[in-house]
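Here are my notes on this one, jotted down as I went through it. Have the viewer open while you read.

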Amino acid sequence: MAEELDIIDQVTQQEYKYGFTTNIEMDTAPKGLSEDIVRFISAKKNEPEWMLEWRLKAYKHWLTMDEPEWQNFKYPKINYQDIIFYAAPKEKIKLNSLNEVDPELLKTFEKLGISLTEQKRLTGVAVDAVFDSVSIATTFKDQLKEKGVIFCSISEAMHEHPELVKKYMGSVVPTTDNYFAALNSAVFSDGSFVYIPKGVRCPMELSTYFRINAENTGQFERTLIIADDDSYVSYLEGCTAPMRDEHQLHAAIVELIAHDNAEIKYSTVQNWYPGDKEGKGGIYNFVTKRGMCAGVKSKISWTQVETGSAITWKYPSCILKGDYSVGEFFSVAVTNNRQVADTGTKMIHIGKNTRSRIVSKGISAGKSHNTYRGLVKVNKKAEKARNHTQCDSMLIGDRSGAHTFPYIEINNHTAQVEHEASTSKIGEDQIFYCNQRGIGTEEAIGLIVNGFCREVLNQLPMEFAVEAQKLLAVSLEGSVG
Amino acid sequence: MLSIKNLKAKIGDKEILKGINLEVKAGEIHAIMGPNGAGKSTLSAVLAGRPDYEITEGTVTLDGKNLLEMSPEDRAREGVFLAFQYPVEIPGVSTTNFLKTAVNEKRKYLGLEPMEATDFLKMMREKMEQVEMDKSLTSRSLNEGFSGGEKKRNEVFQMAMLQPKLSILDETDSGLDIDALRLVSNGVNKLRSKDNAFVVITHYQRLLDYIVPDFVHVLYKGRIVKSGDKELAKELEAKGYDWIKQEVEAAN
Amino acid sequence: MSLLENIKQDFNQYKEQAEHDAFFETRKHAFDAFEKLGFPTIKNEEWKYTNLKPLSDILFHNTCVKSINTEALLSGSVLNTITANRLVFVNGSFNESLSNIIEKDKSIIITNIASARKKHQVIFEKHFGKYAKTETEGLNALNTALMSDGAFIHVPSNKIVEHPIVIMNVIDASEMNVLCQPRNLIIIEKQASAKVIESYISNGNNASFTNVVNEIFVDEHAQLHHYKLQRQTGESYQNNYTQLYQEANTTINQVTLTLDGTMVRNNLHFYMNGENCNSLLYGLYITSQKNHVDNHTRVDHAKPNCFSNELYKGIMKDKSTAVFNGKIMVHLDAQKTNAYQRNQNILLSDEASINTKPQLEIFADDVKCTHGATIGQLNDEQLFYLRSRGIPEHEARTMLLNAFADEIAEMIKIPELVALLEDEISNKL
């Protein structure tokens with residue numbers, strides 16, 4: 001509680017504070033997309049032949065696909081020939097320790113509040129930092145290794161743990177899944193890989209920090225997390241980008257696999273550059289995230305706080321295959337100015353006695369639009385499935401929109417599914433009440449919005465909860481005249 | 001302390017306050033009574049700075065400072081406290097968190113450092129005891145799911161925490177049973193000092209058995225039409241408001 | 001010959017005979033739109049769960065088949081027992097001898113479209129085709145182009161129709177497959193009031209496809225009760241599109257009961273074009289065998305201070321499927337809107353399914369909207385309570401199901417009809 005107030009105190013800037021750029025020598029691919037570019041990326045990463053084949057297959061399939069049109073917003077057609085699909089800081093030698101990382105890069109991450117150096121180890125969070133297309137550094141590797149936990153970049157995993165990558169990559173999000181997933185599968189540059197062995201409770205939070213820096217580039221990373229029987233891991237991801245006038249595409253894939261009795265908690269604080277007040281610039285955040293509760297009593301829990309991006313378009317999902325498995329989705333999406341969010345989840349009940357819970361809080365201000373779209377599907381053989389969905393929207397100002405599109409498909413008569421939704425505005429009465437106690441209007445809104453989102457924010461690990469609360473207040477600044 | 005001179009206010013096209021004059025000195029308790037629709041709640045709202053009302057004439061000063069020029073939050077920071085008739089619910093925001101924000105905002109305004117968390121919690125404990133506030137209420141969301149009595153006690157507890165100069169109680173007795181009324185009144189009486197003042201707005205005399213006023217004013221059709229001591233309240237209770245109404249109509 | 005070819009042939013036939021007046025132009029225009037749009041497919045988001053494909057291979061006859069047993073059919077209907085004005089249509093054509101108008105006030109018009117088009121041309125032209133969209137709705141366009149006949153109801157200002165008006169549609173598919181396209185136009189002028197019952201029953205073992213369009217206009221301070229009873233048996237397909245257009249201070253109470261039919265799609269669209277409107281939408285669907293019922297509702301809050309309340313309930317048996325898709329659309333500046341929506345479902349069999357999509361689209365900030373959907377079974381505690389009082393399980397179940405369904409039937413404000421419908425519901429269950 002005390003932190004919450006401090007945070008609001010600290011919030012003074014009006015502008016996106018991560019908007020700086022880093023000047024660093026880059027190794028980039030030529031603009032555009034072709035089979036040659038796919039080969040180029042694979043060669044750059046010195047990939048095994050099977051990986052190249054995998055990419056090419058995805059690329060060929062992508063060519064046959066059309067961009068989707070069912071979403072609740074429009075965006076200008078993306079010219080894929082105008083995007084740079086690979087950009088990496090120039091790297092002379094293979095890095096052996098953090099001391100060899102370009103100091104300019106270390107400084108960038110310091111500025112973002114992400115320390116890759118030793119002294120910040122006290123925080124107890126292991127970080128994998130991804131800068132444009134490549135993973136820069138992964139901290140705490142050795143400590144994790146002792147427990148048998150693998151936490152490294154996906155490029156590294158391909159070489160060192162090919163059997164795991166081969167077995168799991170694309171097993172939850174097939175290369176043919178959707179337009180942007182196919183694109184990612186063809187051109188993904190890097191990302192994080194996590195494997196938690198049987199019976200291990202990962203001793204610390206794992207975290208990836210994504211940073212887009214280069215101009216005209218797209219970012220296509222993928223994350224793959226496997227929790228073996230009886231294991232547990234909590235994983236966090238954060239993202240920022242410089243302020244640029246043109247839109248940049250971020251099309252990532254996240255795949256989670258939880259085996260018997262395993263639990264994966266995946267938290268996101270997404271703060272890509274949202275564009276300016278008139279909607280110029282900003283990131284198109286088109287991401288496919290899906291978790292497979294493969295084992296009995298496995299559990300996957302998604303928590304997301306979405307405040308950034310010009311357009312956020314993603315549905316972190318759970319396939320509840322194992323009997324008694326549990327899927328959860330907790331989401332806060334804040335849109336202001338001209339931002340758009342079309343987000344939600346899919347809960348696919350396949351196993352018996354599976355349970356899912358959805359809590360979604362959407363806040364729209366300015367001229368923004370916030371859509372919740374979610375699917376709860378109970379298959380024929382999913383006996384005794386349970387779902388509860390709570391989906392609330394809050395509107396600030398009379399030029400924003402809130403939309404709710406839940407899809408509920410039930411094919412088993414023992415299912416119990418409940419969906420509740422409500423829409424409200426911040427009451428003038430509530431603001432006046434705060435004013436009367438000496439709290440100014442902006443702080444009052446911060447307080448009320450944080451209260452509205454409490455249920456979701458409580459799901460975040462402490463470190464991220466603090467950042468998330470700050471973000472909520474910052475993203476809504478200037479929303480009440 | 002509080003000086004109201006010829007205050008006129010309207011909402012939309014409707015004039016509600018038609019020239020209020022009132023002087024409140026430190027250490028005093030003033031009761032404002034009157035029939036429904038007399039403008040009692042409007043007066044409290046105008047003093048606190050609710051934006052729905054337009055002030056058309058008059059002045060209001062607190063220790064010489066012009067209140068009417070201040071935003072609602074600055075009035076609060078200067079020491080005006082309104083105990084609402086209907087306190088709003090703010091889901092997800094705990095009373096503790098809310099009060100910490102409010103207390104520190106006031107300190108910031110007065111040029112003081114924010115309170116240390118431990119000091120703040122200590123103060124919470126003391127004040128809770130003082131006004132007989134149930135501890136569990138402070139960890140719950142502000143006013144959410146509170147009973148009428150709990151809401152009013154929470155208002156008095158906030159008053160204790162914020163230590164205002166001038167407290168305005170807007171029909172604090174409404175919706176309270178006799179036990180709750182006693183608890184709330186005890187709280188208020190404990191907060192009385194020679195340095196602060198209270199304006200108690202009520203329709204009924206019974207609250208004034210517990211919070212004994214120095215002065216009683218009768219508000220009718222936007223004006224104070226009669227002033228006296230606590231005996232006036234008793235007279236009103238016995239005779240009803242019709243008596244005042246007739247007197248006013250006769251004078252016109 | 002496919003259904004599509006069949007339809008084209010029908011329109012060409014009509015084109016040759018028709019007088020080339022304004023009415024013809026409207027229909028020609030609609031047919032062009034239909035040719036462009038065609039039948040909706042499951043790729044269309046609004047038709048995701050309802051597939052019309054099975055229809056395309058059936059050869060339908062768009063002719064008015066004389067029915068032998070209409071009278072017998074009618075007498076068996078619960079609607080026959082109530083005192084009401086009756087308009088009877090057999091396979092889409094008006095049957096004057098079976099119809100009966102008891103309304104004494106002759107300024108209230110209760111007749112068929114074909115005659116109203118001539119006798120009440122001004123009113124007809126003012127309203128016909130003005131509410132139901134043809135540019136985006138293929139099946140509306142088809143109806144407009146090839147409609148058979150239907151009811152025309154005009155209640156002038158300040159008039160109250162004393163007895164309910166029953167629009168009885170009899171679909172007789174005993175001789176051949178039947179395609180029929182009823183079209184009803186209901187106009188309630190200022191401060192007027194009426195109760196209208198739109199009913200469908202059928203006969204015979206051949207297939208029928210009934211494609212209905214209702215246009216309903218309710219002017220300021222007027223009130224309308226509109227009840228739709230779907231009880232077609234056999235291989236019957238129905239698409240029903242009802243557009244209700246409300247001016248300020250009006251109240252519409254709409255109840256849709258779907259008790260039978262191979263495939264029924266109800267599209268109900270309320271448009272509130274003035275302040276202080278009330279729209280009440282209630283629905284009950286009981287599905288069995290392999291039947292499929294799809295209720296699509298949309299409420300457009302276009303002006304401030306309006307209220308809508310929607311409750312749809314479903315009970316699915318056997319291998320049946322049901323769809324509910326409710327959309328509440330609060331337009332920009334429609335402040336102080338209160339909109340409520342609930343959909344409750346009970347699945348009674350292993351092989352039944354339900355797809356529900358309660359949607360909100362909100363463009364104004366000062367609104368109170370809630371929606372919800374539940375899918376579940378009978379309440380075990382209630383069941384146990386009844387059994388502990390000595391009621392056998394089977395009976396206890398039926399009792400609870402009836403209670404669940406009757407809540408909707410009771411929204412029909414014709415008491416003598418409610419009791420009869422409740423019996424019918426009870427039989428279904």
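How much area do domain 1 of chain C and domain 2 of chain C bury between them? About 770 Å², with 54% of it on carbon and sulfur atoms. Keep in mind that this is a predicted model. My points follow.

1. Domains of chain C. The domain assignment puts domain 1 at 3–273 and domain 2 at 303–377 of chain C. Their centres, taken over C-alpha atoms, are 25 Å apart. Ten residues of domain 1 of chain C touch eleven residues of domain 2 of chain C. The count of salt bridges between these two domains is one.

2. A loop in chain C. C:Gln289 sits in the loop that runs between strand S14 (278–287) and strand S15 (292–301) of chain C. Leaving out residues up to four places away in sequence, C:Gln289 is in contact with C:Lys317, C:Asp318, C:Lys319 and C:Ser320. From C:Gln289 to C:Glu395 there are 106 residues along the chain, and their C-alpha atoms are separated by 22 Å.

3. Who touches whom. Two pairs of chains are in contact, and chains A and C share the most contacts. Chain B and chain C have no contact at all, and their closest C-alpha atoms are 16 Å apart.

4. Chain C against chain A. Here 38 residues of chain C and 33 residues of chain A take part in the contact. The buried area between chain C and chain A is about 2800 Å², and carbon and sulfur atoms supply 48% of that. On the chain C side, C:Asp365, C:Ile375 and C:Gln377 lose the most area to chain A, together 20% of what that side buries. One salt bridge turns up across the interface of chain C and chain A. C:Asp333 and A:Arg399 form a salt bridge, with 3.4 Å between the closest N and O atoms.

5. Chain B against chain A. About 2400 Å² is buried between chain B and chain A, 62% of it on carbon and sulfur atoms. The rule finds two salt bridges across the interface of chain B and chain A.

6. Chain A by itself. Chain A carries eleven helices and 24 strands. Of its 481 residues, 66% are buried. Among contacts in chain A with a separation of 6 or more, 84% are between residues 24 or more positions apart. The accessible surface of chain A is about 17300 Å², with 48% belonging to carbon and sulfur atoms.

7. Salt bridges in chain A. Over all chains, the search of the whole structure gives 48 salt bridges. One to check is A:Lys314 with A:Glu306, where the closest N and O atoms are 2.5 Å apart. Why do I call A:Lys314 buried? Because its relative accessible area is 2%, and the cut-off for buried is under 20%. A:Glu306 counts as buried too, at 1% relative accessibility. Elsewhere in chain A, a network of salt bridges links A:Arg357, A:Lys361, A:Asp392 and A:Glu455.

8. Two long-range pairs in chain B. B:Glu171 and B:Lys40 meet in a salt bridge at 3.7 Å, N to O. They are 131 residues apart, with B:Glu171 in the loop between strand S9 (166–170) and helix H7 (178–191) and B:Lys40 in helix H1 (residues 40–48) of chain B. B:Glu171 is buried, at 12% relative accessible area, and so is B:Lys40, at 4%. The other pair is B:Asp63 and B:Lys165, a salt bridge at 3.1 Å, N to O. These two are 102 residues apart. B:Asp63 is partly exposed with a relative accessible area of 46%, and B:Lys165 is partly exposed at 29%.

9. A nonpolar patch on chain B. B:Tyr109, B:Leu110 and B:Leu112 make a nonpolar surface patch of about 270 Å². B:Tyr109 belongs to helix H3 (residues 95–109) of chain B and counts as partly exposed, at 34% relative accessibility.

Note on methods. Residues are numbered from 1 along each chain as its sequence is written. Chains are lettered from A and ligands numbered from 1 in the order in which they are written. This is a predicted model: local features need pLDDT of at least 70, side-chain atom pairs count only at pLDDT 80 or more; totals for chains, interfaces and linings use all residues. Side-chain values use heavy atoms; hydrogens and water are left out. Helices (H or I, at least four residues) and strands (E, at least two) are DSSP runs, numbered from the N terminus. Contact means heavy atoms within 4.5 Å. Patches are made of residues with over 30% relative accessible area and no salt bridge: like charges are joined within 9 Å, nonpolar side chains (Val, Leu, Ile, Met, Phe, Trp, Tyr) within 5 Å. Accessible areas come from the Shrake-Rupley method with a 1.4 Å probe; for residues, only the protein chains shown count as cover. A salt bridge is a side-chain nitrogen of Lys or Arg within 4 Å of a carboxyl oxygen of Asp or Glu. Buried means under 20% relative accessible area, exposed over 50%, partly exposed in between (1.4 Å probe, protein chains only). Domain bounds come from an automatic or database domain assignment. Buried area is the accessible area (1.4 Å probe) that two parts lose on being put together, summed over both.
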